[in-house]
Amino acid sequence: MTRRHHAPRARENPLLQRVEMGVFFPQFRWGITRAGGVEWRGHLQPTPESPVYTIRIIHEPDRTPRTYVDRPAIRRDACHRYPDGSLCLYWPEEWVWTARESLATTIVPWTAFWLYYYELWFVTHEWLGPSSPHRRGATKEVA
Amino acid sequence: MPNMRHYFHALQNKIEPSSERVQLASSRVGDVREWLTGHEFKTQSPHTRLSGSYSRFTAIELIPDVDVLLFVPVEHLDRTPNAVLLELHRVLKDYPAAQVNTEGQRRSVRLELPADDLCLDIVPSVAARGLDHALRVPDRSQHEWIPSDPLGYAKRLTRVNQANGEKLVPLIKMLKAWRDEQMLQRRPKSYVIEVMLLYAVEKSMLVLCDRSAAENVRDTFVYITDKYEELMDEGTAAPRIPDPQIENHFITKGWQRSHFETFMRRAREARRAAERAIIAEDEAAASSEWKRVFGRRWPTDDEVKRAIREEAAAHQPGTARIAATGRVIGGPAVIVTRPTRFHGA
């Protein structure tokens, strides 16, 4: 029997996101979570006439970042959200978070788009952004 | 304050000249240029240049007339304005399916194209010092070639528009739509509205950046009604607004006192409605007030939804950029985005 020796996988370091976040979205501030991850807080405003939304992103090592809108409150019937209220920003069958990904080029811009489509949904009652071919009632994954 | 962005976006779509109309106006100018070349009317590079609201993108809806600068050789300055205008009239009188009119035209020959419901006002122009300086145009009533700077004025308007978040031109269009809705007769010319707002923005009497379209329209009515309040309530004349293209000329020459009073009454009504709209409790109440201002031009719910769908289609992750503030719309779009598909019910 051949035994393979794998080097233990290096733990993701969420602090590495600071550089790009500082460049692209300098209004976001970070703090360390109890679990050793990073909590980002900042503002996004998808249009000049939108409210300024307070966004919170919890990024724990080796876990998919979770994004919440803290203020103003999101309507309970808003679509594309997980049961814990975090935003469903991508279809996990199509894209997955890895340590090499960047919050500043994925999660944060997608959050801005989510807010934009959310506001349009208010008026049209249609989600006008791209959606996964999700079946209503299918099991939701909590990231 | 209700968010009326989509309504104003739909209003702007609604009053925009159709692309077919724009294309038609453009192609007719080319036709006239070819006709003149074929009939040995001597022109000089750049031969023709569009002028007027159509070229400044402040035209709305039908575009009934298009101003065309026709560049003629500098030697024409030795001739009388009338002689040059008559020669142009003579060459154009055989233009197919058209009528040529010089009556009431001080500086141009009007070519009416009834089949297109379009008029071309053709202004012979001499660019003796190049296009970056004032041109010379004929003036029948003064019997001389007078300096006029339509190209400089267009650049000035563009510059001010860009410096103000590209909000001035849409505002001019909306005010013209209000004027068309509220005043069938006794109304100020489009150019008067355009210049009035240009001066107001240049002098920072109107601040457009970082304000919604609704606020900008409200502020414009506040500005107009405040600025001319004394003249309206205590005066006996109409305002005199200097022409930004021609020195010592006033663009309000034909604006009579009674016309001005009508304009002010409508502006005061619009101000009151706009102020109520801004503090309305919800979009429906605000929409009802704005409908008083813009009348049948105010978009229906279906038109609003259509405008929203068009806007959303043009702003998709993976193709649209966003601003650092998270602005998908209305910000410096510098951050490239990656495609995604939102998931979940």
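How many of the 5 residues of strand 6 (residues 135–139) of chain B are buried? The number is 4, and the strand is thus mostly covered. A buried residue has 20 or more other C-beta atoms within 10 Å of its own, an exposed one 12 or fewer, and a partly exposed one a count in between; C-beta atoms are placed from the backbone. Strands are DSSP runs of E with at least two residues, helices are runs of H or I with at least four, and both are numbered from the N terminus.

The model is predicted: local features need pLDDT of at least 70, side-chain atom pairs count only at pLDDT 80 or more, and totals for chains, interfaces and linings use all residues. Residues are numbered from 1 along each chain as its sequence is written, while chains are lettered from A and ligands numbered from 1 in the order in which they are written.

Strand 6 of chain B runs antiparallel to strand 7 (residues 144–148) of chain B, and 5 bridges join them. Pairing requires at least two DSSP bridges between two strands. B:I146 in strand 7 of chain B stands opposite B:V137.

Chain B is divided into domain 1 (5–14 + 153–313), domain 2 (17–148) and domain 3 (317–345). These bounds come from an automatic or database domain assignment. The C-alpha centres of domain 1 and domain 3 of chain B lie 32 Å apart.

Helix 1 (residues 5–15) and helix 6 (residues 168–182) of chain B have axes that come within 10 Å and cross at roughly 75°. The two helices are therefore roughly perpendicular to each other, a term for angles of 65 to 115 degrees. Helix 1 of chain B contributes B:L11, B:Q12 and B:I15 to the contact, and helix 6 of chain B contributes B:P170, B:K173, B:M174 and B:A177. Residues are in contact if their C-beta atoms, placed from the backbone, lie within 7 Å. By class, this contact has 5 nonpolar, 1 polar and 1 charged residues.

Chain A holds 2 helices and 4 strands, in the order α-β-β-β-β-α from the N terminus. Of its 143 residues, 35% count as buried.

The contact between the chains takes 40 residues from chain A and 30 residues from chain B. On the side of chain A that touches chain B, helix 2 (residues 107–124) of chain A gives the most, with 10 residues. That side divides into 25 nonpolar, 10 polar and 5 charged residues.

Definitions and conventions:
Axes fitted to C-alpha atoms, helices over the stretch in contact; angles between N-to-C directions. Parallel < 35°, antiparallel > 145°, perpendicular 65-115°, else oblique. Contact = placed C-beta atoms within 7 Å. Nonpolar A, V, L, I, M, F, W, Y, C, P; charged D, E, K, R; others polar.
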